[in-house]
Amino acid sequence: MTKFEPIDAQTLLSTPLPPVRWLIPDLLPAGLALLAGASKSGKSWLCLWLSLQLAQDGEFWGRAVPAQTVLYLCLEDTYARIQNRLFRLTEDVVPDRLYFQTACESIGQGLERQIETFLTRHPETGLVIIDTLQKVREADSTTGIYASDYQDMSVLKALADRHNIALLLVHHLRKQSAADPFQQISGSNGLMGAADTIWLLQRQRMSNAARLLVTGRDMDSHTLHLQSEGCVWELIEEESAEQMAQRAVPACVWAVADFVKRQKCWQGTATELLAAAGIVDVQPNQLTRKLVEFYPTDLAPLGIRCESHRTASARQLQLWYDGDDANDDNTGISPDGRGIPETPSAPSSSSQEALRGNKHGLCVATGQHFANMGPAPSPALPEVAL
């Protein structure tokens, strides 16, 4: 069977395939990788130290890495500069598996042949670094930016896949800021679309601290907090995608969660909720918006239920804690804020019991116990749009 023929699912599931080759466990697999960062942010120092660690039986950020040959194309440097950096990063012994080159051909103009010639001579090679990507690209006015980016990346990806190596491209960021940090990578989305792994180095000018955002096809996204010590980027802390998501939740949402867990059940306006929970420096409309935004992902899994309905005078929030019903995903404010999902549940028996004789179980707006207000609003009546 050739690579252009389809394979049926049964054959695919019954065919043993080689595992992913990891140059650095959970950080850098074989394939096409992109390291992007601002100019003079320390990308080349990071690549050189990475090369030194991989060219010997070393360790990279707490991960053991087996020795393998590395080819580093330092296309913006001179051999004198590379030598000076090696003096600063090494002692008396340097690995003999590390090779440098300061000039090469462009993509489609001989670069692939040069790299493959090196791989033929050094079949134990695991990593090839091209610093920088722009140095091996030819200007092409016949195609669009996206098509040009994707075409060049596809050529390099095919080379990496063919030889099962990691091909790491060093690239720059654009100066404009963006809500998504990866959208700051210079060029079109064709660069990200073709890359298997992306490292994004974020560092304030003149700062010793940096963050490395890592994402890819073969790994979960995570963030590494780094600090530069003697020209070496040392790992200070590593965050998983789940930990990053939790840190993104505003403090006011966690404060409401703690308040509702203590009081079991509560009703009133957003303004009254801010006062009751002791939350400051947050506007009522901001609080309601955040409760809607983080309800499905963070409040509902904790067993906290939330409903909203408008009265003649104000919008009322009703919150209760159903710790014994935390897996019920069919209750509460919908993520788009336009309606409550089907089959919303009223407060559980444990929540209702907590209301009796508990002054915090009163409706702030009417002074009545929730137990006297009847069942939770039906799905057709509440209006949760903010």
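**Helices, a sheet and charged pairs**

Modeller: Helix α2 (residues 43-54) and helix α3 (residues 79-89) have axes that come within 11 Å and cross at roughly 65°. Please keep in mind that this is a predicted model.

Biologist: Which residues of α3 make the contact with α2?

Modeller: The crossing of α2 past α3 is right-handed. On the α2 side, the contact is made by S44, W45, L48, W49 and L52. On the α3 side, the residues are R85, L86, R88 and L89.

Biologist: R85 also forms a salt bridge with D77. Is R85 buried or exposed?

Modeller: The closest N and O atoms of R85 and D77 are 3.6 Å apart. D77 has a relative accessible area of 14%, so D77 is buried, because buried means under 20%. R85 is likewise buried.

Biologist: What is the distance between the closest N and O atoms in the salt bridge of D77 with R81?

Modeller: R81 has 37% relative accessibility, so R81 counts as partly exposed, whereas D77 is buried at 14%. In their salt bridge, the closest N and O atoms are apart by 3.0 Å.

Biologist: How many salt bridges does a search of the whole structure find?

Modeller: The pairs of D77 with R81 and of R85 with D77 are salt bridges. K157 with D161 is a salt bridge too, with the closest N and O atoms 2.9 Å apart. A search of the whole structure finds a total of 10.

Biologist: Why are K157 and D161 separated by about one helical turn?

Modeller: Both K157 and D161 are in helix α5. K157 is partly exposed at 21%, and D161 is partly exposed at 43%. The separation is about one helical turn because, within α5, K157 and D161 are apart by 4 residues.

Biologist: Which residues are linked with K157 and D161 in a network of salt bridges?

Modeller: K157 and D161 form a salt bridge, with 2.9 Å between the closest N and O atoms. The network that links K157 and D161 also takes in D196 and R217.

Biologist: Where does R137 lie, and with which side chains does the side chain of R137 make polar contacts of 2.8 Å?

Modeller: R137 lies in the loop between β8 (125-131) and α5 (145-163). R137 has 15% relative accessibility, so R137 counts as buried. Beyond four places in sequence, the contacts of R137 are I107, S148, D149, D152 and L191. The side chain of R137 makes a polar contact of 2.8 Å with the side chain of D149, and another of 2.8 Å with that of D152.

Biologist: Which strands stand at the edges of the open sheet of 3 strands?

Modeller: The order in this sheet is β14-β16-β15, with antiparallel pairing. Each edge strand has a single partner strand, so one side of each is left without a neighbour in the sheet; the edge strands are β14 (265-268) and β15 (304-310).

Biologist: Which residue in β16 stands opposite E307?

Modeller: β15 pairs with β16 (residues 315-321) in the antiparallel sense, over 7 bridges. Opposite E307 stands Q318.

Biologist: Helix α8 packs on the sheet. What angle does the direction of α8 make with that of β16?

Modeller: Helix α8 (residues 251-263) touches β14, β15 and β16. Its direction makes an angle with that of β16 of about 65°.

Methods:
Residues numbered from 1 in each chain as written. Predicted model: local features only at pLDDT ≥ 70, side-chain atom pairs only at ≥ 80, totals over all residues. Heavy atoms only, no water. Helix = DSSP H or I, 4+ residues; strand = E, 2+ residues; numbered from the N terminus. Buried < 20%, exposed > 50% of the residue type's maximum accessible area, 1.4 Å probe, protein only. Polar contact = N/O pair within 3.5 Å; in protein donor to acceptor, adjacent residues only side chain to side chain. Contact = heavy atoms within 4.5 Å. Salt bridge = Lys/Arg side-chain N within 4 Å of Asp/Glu carboxyl O. Pairing = 2+ DSSP bridges. Axes fitted to C-alpha atoms, helices over the stretch in contact; angles between N-to-C directions. Left-handed = near helix turned anticlockwise from the far one by under 90°.
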